[in-house]
Amino acid sequence: MAKPVRNKQSYIDAAIAVIRDEGFESLSMRKVAAKLGVSAMAMYKHFPNKDALLSSALDDFIGRADVLPDKDMDWDVWLAEVARRMFLALSEEIDWVPLLGALGAGEQAAKVTAQFIEKLRHAGFTSLQATDAYFALIQCVIGAACLQVSLRAEKQGLLKGASVKPPAKAGSAAQRLQIDISMALIISALRRQLDGPQPAS
């Protein structure tokens with residue numbers, strides 16, 4: 001019987017399934033290969049090592065999160081919506097947080113970064129201001145998502161380090177409140193930058 005032929009996405013999907021079922025610590029090239037019924041060596045055609053597989057899985061998560069809204073929105077409304085989408089995605093899959101920044105940026109991550117900076121540049125911000133705003137937003141989202149999950153765990157009476165499942169309604173107004181308050185302050189500061197003297201690009 002011929003061995004099954006797998007494409008790159010099938011390995012990513014299997015890796016995500018292993019991560020979801022067993023956690024990041026349990027992920028290995030051998031486990032993913034076994035899940036697909038192929039040899040571990042077959043995976044090296046697409047991924048030189050486990051970190052490369054993890055980077056691809058993270059990029060797949062970013063793509064599925066669909067954080068980029070309609071380009072025609074005003075920059076401030078657009079930024080707030082990007083933050084909400086990031087917050088909701090991370091609140092539902094908080095285990096990705098330790099890998100953010102620890103792995104090389106993939107195609108989806110690069111796309112989000114480029115479109116964010118382009119949006120602010122088009123609104124009149126300098127490249128430095130746009131880049132600073134991007135990192136401020138990322139840090140704000142990660143902090144809000146971690147706090148959300150921590151409060152949820154405390155409410156459910158779970159032990160520290162236990163796996164936490166998202167609530168049924170991840171998009172509730174109560175959940176969004178944390179990120180909306182923080183983004184209102186960031187956007188207010190950005191508006192002041194636009195109104196004040198502009199530094200060189």
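Here are some friendly notes on a helix contact and the aromatic pairs in this predicted model.

1. A word on conventions. The model is predicted, so local features need pLDDT of at least 70 and side-chain atom pairs count only at pLDDT 80 or more, while totals for chains, interfaces and linings use all residues. Residues are numbered from 1 along each chain as its sequence is written, and side-chain values use heavy atoms, with hydrogens and water left out.

2. Do start with helices α5 (residues 75–92) and α6 (residues 107–123), which pack at about 160° with axes 10 Å apart. Helices here are DSSP runs (H or I, at least four residues), numbered from the N terminus; axes are lines fitted to C-alpha atoms over the stretch in contact, and angles run from 0 to 180 degrees between N-to-C directions. The two are therefore roughly antiparallel (angles over 145 degrees).

3. On the α5 side, the contact (heavy atoms within 4.5 Å) is made by Trp75, Trp78, Leu79 and Met86; α6 brings Val112, Gln115, Phe116, Lys119, Leu120 and Ala123. These residues divide into eight nonpolar, one polar and one charged. In this scheme Ala, Val, Leu, Ile, Met, Phe, Trp, Tyr, Cys and Pro count as nonpolar, Asp, Glu, Lys and Arg as charged, and the others, Gly among them, as polar.

4. Gln115 of helix α6 is worth a look. Its relative accessible area is 19%, so Gln115 is buried (under 20%, with a 1.4 Å probe and protein chains only). Leaving aside residues up to four places away in sequence, Gln115 touches Leu68, Lys71 and Trp78.

5. Next, the aromatics. Rings of Phe, Tyr and Trp (its six-membered ring) pair if their centres lie within 6.5 Å, and the count comes to seven aromatic pairs. Phe61 and Trp96 are stacked (planes under 30 degrees apart), at 5.3 Å centre to centre and 15° between the planes. Phe61 lies in helix α4 (residues 50–65) and Trp96 in the loop between α5 and α6, so this pair ties together parts 35 residues apart in sequence. Phe61 is buried at 5% relative accessibility, and Trp96 is buried at 3%.

6. Phe116 and Tyr134 make an edge-to-face pair (planes over 60 degrees apart), because their ring centres are 5.1 Å apart and their planes at 65°. Phe116 sits in α6 and Tyr134 in helix α7 (residues 127–156), so the link spans 18 residues in sequence. Phe116 is buried at 1%, and Tyr134 is buried at 10%.

7. Finally, Trp78, Phe116, Tyr134 and Phe135 form one aromatic cluster. Trp78 and Phe116 also take part in the α5–α6 contact.

Technical notes:
Parallel < 35°, antiparallel > 145°, perpendicular 65-115°, else oblique. Buried < 20%, exposed > 50% of the residue type's maximum accessible area, 1.4 Å probe, protein only.
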